[in-house]
2 protein chains.
Amino acid sequence: MKRINPDLNSLRAFVVLADSGGFRPAAEFLGLSGPALSRQIARLEDGLSTRLFDRDTRNLRLTPSGEELLALARRLLQEAGKAVEEFEAFLAARRGRVSVAGLPSITAGLLPPIIARFVAGRPNLDVCVLDALSDKVAAAVLEGRADFGLTAGASDGAGRLAFRKLLDDPFYAVAAPGGPLDDMDEVSWEDLVALPFIAMAQGTSVRALTEAATVQIGAAFEPRFEVSHLATAGALVAEGLGVSALPGLTLPVIGGASLVVRPLKAPEVTRRIGLVFLAGRTLSPAAQELIDLILRSPRDPLGHAAA
Amino acid sequence: MKRINPDLNSLRAFVVLADSGGFRPAAEFLGLSGPALSRQIARLEDGLSTRLFDRDTRNLRLTPSGEELLALARRLLQEAGKAVEEFEAFLAARRGRVSVAGLPSITAGLLPPIIARFVAGRPNLDVCVLDALSDKVAAAVLEGRADFGLTAGASDGAGRLAFRKLLDDPFYAVAAPGGPLDDMDEVSWEDLVALPFIAMAQGTSVRALTEAATVQIGAAFEPRFEVSHLATAGALVAEGLGVSALPGLTLPVIGGASLVVRPLKAPEVTRRIGLVFLAGRTLSPAAQELIDLILRSPRDPLGHAAA
DNA sequence: CGGGATTGATGCGTTTCATGCATTGAAAAG
DNA sequence: CTTTTCAATGCATGAAACGCATCAATCCCG
């Protein structure tokens with residue numbers, strides 16, 4: 001038996017004709033000429049090897065096969081319409097799922113207000129935020145667990161990741177009010193590392209840059225405390241147990257407003273914050289939209305969440 | 001926003017390409033040349049205003065939009081396949097519903113074995129048998145409650161019903177063994193109506209023909225009993241309460257084998273049994289199939305169920 | 001009872017569109 | 001560095017759909 005292959009346009013024409021009860025109005029509705037519709041129906045009937053309408057010049061009535069096909073065609077067209085609608089919603093970034101991997105300082109500070117604007121009016125769009133340390137961020141993007149990442153400029157060796165710089169995030173010295181920084185306008189790394197130092201754990205971007213800075217000034221790096229989470233570091237500083245060097249973006253997260261924060265110089269160290277994504281891969285419309293929104297957002301190095 | 005109209009063939013090509021991971025094998029599978037498939041995908045992408053594959057000469061990978069469309073296309077194609085399958089089943093008379101209206105003598109005698117053969121191997125085909133008196137049969141067909149009818153030749157005045165003769169069903173005289181017919185080879189209407197007569201109720205084809213016969217011989221028609229159902233008539237006859245004149249098709253229904261049955265002559269009265277259906281209307285494949293089966297079946301006027 | 005009007009089908013010419021062949025350009029394999 | 005493979009493109013061919021004009025049948029109205 002030869003395979004019959006219904007054409008959605010023919011089915012649509014058939015349904016319209018069945019509904020309108022005449023070739024003329026149906027053809028007009030479809031934007032076709034009468035003969036075109038007549039032939040389209042004839043083709044459909046021929047393809048199905050069945051008469052679909054009992055018709056003469058005056059009457060038009062569905063045959064039982066036509067009735068049967070009408071039900072099936074309606075169902076199929078409805079399915080098709082639903083599919084188109086879903087796909088259009090996906091294309092318009094109103095539906096789908098965006099997965100963002102990011103450093104904790106970014107996902108906690110920079111990202112939330114942007115996501116809030118992003119999901120507004122997009123009730124069917126899921127956003128998944130993956131907060132992880134910088135190497136894990138790159139891994140998540142490489143493995144496809146995240147559509148893109150927000151991290152400190154780390155280029156993957158294989159060149160499979162592309163980087164788009166967002167901002168330079170300068171380091172600041174932080175201490176408790178009444179602590180050693182009260183009287184200083186700005187702080188040098190040399191001065192800072194001489195104080196009891198609260199360092200971030202290995203594997204964080206902050207740690208890597210902190211070590212680089214101490215190496216650069218030829219100082220020994222002997223932290224008094226070592227913590228994994230920013231909140232802990234902030235709490236220790238607030239308690240006056242030590243000082244630390246942190247990028248501006250982290251300050252809102254640790255409650256920098258109630259701490260003494262001073263620009264950190266000699267050398268001036270900045271964390272290059274940017275987007276990473278798989279090179280050569282098209283992003284989902286929703287992910288692209290979120291990226292565009294991030295790029296258009298004001299990028300205050302101090303973290304605009306503090307504003 | 002312009003209306004996008006997916007073509008099932010394009011979607012099929014897209015799915016095949018996504019599954020086979022390369023243009024060459026996909027094109028071969030689809031029975032197309034490479035360029036044809038390339039353009040088909042390009043058209044699809046153009047129609048959707050989206051890139052569906054990230055591709056260079058060596059790699060072919062779905063974009064997120066492609067992944068999304070793939071799921072939707074699979075679903076839609078599966079729906080389409082199911083619809084085609086259902087429709088083919090309908091066309092092949094393996095699915096659907098046939099509604100037959102018929103005189104009780106036919107629906108009880110002639111029809112059951114035919115229906116038995118008809119539904120064999122058609123588990124999804126519903127058969128609805130409507131047994132009714134002759135005028136109700138015609139009405140059921142006219143009103144569309146039955147696809148066709150099996151009745152005694154009655155033509156609707158408006159000519160909206162077509163009749164197709166099946167057989168001539170001659171009348172027989174019936175009586176109980178040990179009754180008045182035992183010694184006779186054949187019986188005349190005149191002899192029969194002189195005996196205690198069991199008549200069918202008004203509105204039955206049997207009654208109409210019985211009355212016509214008595215009028216024809218100029219006799220009075222004074223039935224001793226009058227019943228609506230054949231089984232009752234048969235039981236009364238078997239009990240020796242009277243005789244009756246019944247068409248051959250009714251005999252198996254009333255247990256004619258245990259009665260005395262004699263050909264009834266002078267005049268020879270026959271009931272024209274045939275199919276009625278709406279003129280100019282195409283029948284459903286299943287109904288047509290059942291009709292063909294009826295036409296091909298042996299038509300023993302005595303009722304082949306007795307064989 | 002008869003002519004005009006309406007409706008769907010058909011013949012024909014045109015246009016559009018998809019396909020196939022040949023070629024190009026790019027990337028991987030030897 | 002050459003060869004091979006693969007997808008994209010130019011070009012020409014062929015098929016399919018469309019519109020216009022016409023035809024046949026029916027209904028409406030005078």
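Q: Which residues of α3(A) does α1(A) meet?
A: In this predicted model, the α1(A) side of the contact consists of Ser10(A), Ala13(A), Phe14(A) and Leu17(A). By class, the residues of the contact between the two helices divide into 6 nonpolar, 2 polar and 1 charged. The partners in α3(A) are Leu37(A), Gln40(A), Ile41(A), Arg43(A) and Leu44(A).

Q: How are α1(A) and α3(A) oriented relative to each other, roughly parallel or roughly perpendicular?
A: The axes of α1(A), residues 8-20, and α3(A) come within 10 Å and cross at roughly 110 degrees. Angles of 65 to 115 degrees count as roughly perpendicular. The two helices, α1(A) and α3(A), are therefore roughly perpendicular to each other.

Q: Is the crossing of α1(A) and α3(A) left-handed or right-handed?
A: The crossing concerns axes that come within 10 Å. For α1(A) and α3(A), the hand of the crossing is left-handed.

Q: Which elements give two or more residues to the surface near DNA strand D?
A: DNA strand D is surrounded by 21 residues, and the closest are Ser33(A), Ala36(A), Phe23(B), Pro35(B) and Ser38(B). The elements giving two or more residues to this surface are, from chain B, α2 (23-30) and α3 (34-48), and, from chain A, α3 (34-48).

Q: How many charged residues has the surface near DNA strand C?
A: Around DNA strand C there are 21 residues, of which the closest are Phe23(A), Pro35(A), Ser38(A), Ser33(B) and Ala36(B). Two or more residues each come from α2 (23-30) and α3 of chain A and from α3 of chain B. Divided by class, the surface near DNA strand C has 7 nonpolar and 7 polar residues, and the charged residues number 7.

Q: Which helix of chain A gives the most to the side that touches chain B?
A: The contact takes 30 residues from chain A and 30 residues from chain B. On the side of chain A, 15 residues are nonpolar, 7 polar and 8 charged. With 15 residues, the element of chain A that gives the most to this side is helix α4 (residues 64-91).

Q: How far apart do the C-alpha centres of domain 1 and domain 2 of chain A lie?
A: Chain A is divided into domain 1 (8-91), domain 2 (95-167 + 272-306) and domain 3 (169-270). Between domain 1 and domain 2 of chain A, 4 residues of the former are in contact with 4 residues of the latter. The domain 1 side of that contact has 3 nonpolar, no polar and 1 charged residues. The separation of the C-alpha centres of domain 1 and domain 2 of chain A is 47 Å.

Conventions:
Residues are numbered from 1 along each chain as its sequence is written. Chains are lettered from A and ligands numbered from 1 in the order in which they are written. This is a predicted model: local features need pLDDT of at least 70, side-chain atom pairs count only at pLDDT 80 or more; totals for chains, interfaces and linings use all residues. A residue is near a molecule or strand if its C-beta atom, placed from the backbone, lies within 6 Å of it. Helices (H or I, at least four residues) and strands (E, at least two) are DSSP runs, numbered from the N terminus. Two residues are in contact if their C-beta atoms, placed from the backbone, lie within 7 Å. Ala, Val, Leu, Ile, Met, Phe, Trp, Tyr, Cys and Pro count as nonpolar, Asp, Glu, Lys and Arg as charged, and the others, Gly among them, as polar. Domain bounds come from an automatic or database domain assignment. Axes are lines fitted to C-alpha atoms, for helices over the stretch in contact, and angles run from 0 to 180 degrees between N-to-C directions. Angles under 35 degrees count as roughly parallel, over 145 as roughly antiparallel, 65 to 115 as roughly perpendicular and the rest as oblique. A crossing is left-handed if the near helix is turned anticlockwise from the far one by less than a right angle, and right-handed if clockwise.
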